[in-house]
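Q: I would like to learn how to read a model of this kind, one feature at a time. Where do we begin?

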Amino acid sequence: MSTALTVNGRPVTVEAEPDTPLLWVLRADLQLTGTKFGCGMALCGACTVHANGQAIRSCVTPVSAVAGQAITTIEGVEGPEIAALRAAWTAVDVVQCGYCQSGQLMSACALLKANPRPDAKAIAEAMSGNLCRCGTYQRIEEAVALAAQQTAKA
């Protein structure tokens, strides 16, 4: 079955069964491998992408559920929020193994777009669905807060 999407600003049509997880369409069909498979049950956040600007778990989202929507992956996310987040990630030295980072960044970016000045509680809540095997949660939250400060100044 054909499904039309807009992925990273580019219209695409993919041939996939309606119940095929968006994650597999992105990785296998479109070769966008920045979005990672973690658990397959929407529990870890490694597969986070944006659908019409909202953070979603692509491992449990059927491609048919996002037909016609604008999908943004880590390869295509743009704007002052992601720029500030990338700089903060480096400044705070967040990354260890890096596996969860695309999902972490996508969740943090969605947060800053929806709430440019989140407090510590809002950051913790927004990031709580993203797991990090290396346990860098404190640095992740610190980096999100730093990025929020930087975007607030801009």
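Q: What share of the 154 residues in the chain is buried?
A: A residue is called buried under 20% relative accessible area, exposed over 50% and partly exposed in between, with a 1.4 Å probe and protein chains only. In this chain, buried residues make up 44% of the 154 residues. This is a predicted model, in which local features need pLDDT of at least 70 and side-chain atom pairs count only at pLDDT 80 or more, while totals for chains, interfaces and linings use all residues. Residues are numbered from 1 along each chain as its sequence is written, and side-chain values use heavy atoms, with hydrogens and water left out.

Q: How much accessible surface does the chain have, and what part belongs to carbon and sulfur atoms?
A: Accessible areas come from the Shrake-Rupley method with a 1.4 Å probe, and for residues only the protein chains shown count as cover. The total for the chain is about 7500 Å², and carbon and sulfur atoms hold 53% of it.

Q: Which elements does the chain contain, and in what order?
A: Helices (H or I, at least four residues) and strands (E, at least two) are DSSP runs, numbered from the N terminus. Here there are 5 helices and 5 strands, and from the N terminus on they run β-β-α-β-β-β-α-α-α-α. The radius of gyration of the chain is 15 Å, close to the 15 Å that the globule rule gives for 154 residues, so the chain is as compact as a globular protein of that length. That radius is taken over C-alpha atoms, and the rule is 2.2 Å times the number of residues to the power 0.38. The C-alpha trace spans about 45 × 30 × 25 Å along its principal axes.

Q: How is the packing of two helices described?
A: Two numbers are used: the angle between the helix axes and the distance between those axes. Axes are lines fitted to C-alpha atoms, for helices over the stretch in contact, and angles run from 0 to 180 degrees between N-to-C directions. In this model, helix 3 (residues 101-114) and helix 5 (residues 137-153) pack at about 40°, with axes 11 Å apart. Contact means heavy atoms within 4.5 Å. Helix 3 contributes Q104, A108, L111 and L112, and helix 5 contributes I140, V144, A147 and A148.

Q: Where is M106, and which residues does M106 touch?
A: M106 is in helix 3 and is buried, at a relative accessible area of 0%. Leaving out residues up to four places away in sequence, M106 touches T48, V49, H50, T72, T73, I74 and V77. The C-alpha atoms of M106 and H50 are 7.2 Å apart, although 56 residues separate them along the chain.

Q: Is C44 buried or exposed?
A: C44, in the loop between helix 1 (22-29) and strand 3, is buried, with a relative accessible area of 13%. Its C-alpha atom is 5.1 Å from that of N130, 86 residues away along the chain. Beyond four places in sequence, C44 touches G38, C39, G129, N130 and L131.

Q: Which value of phi does N8 have?
A: Phi of N8 is near 55°, a positive value in a residue other than glycine. N8 is in the loop between strand 1 (2-7) and strand 2 (10-15) and is partly exposed, at 27% relative accessible area. N52 also has a positive phi, about 50°, without being a glycine. N52 lies in the loop between strand 3 (48-51) and strand 4 (54-57) and is partly exposed, at 48%.
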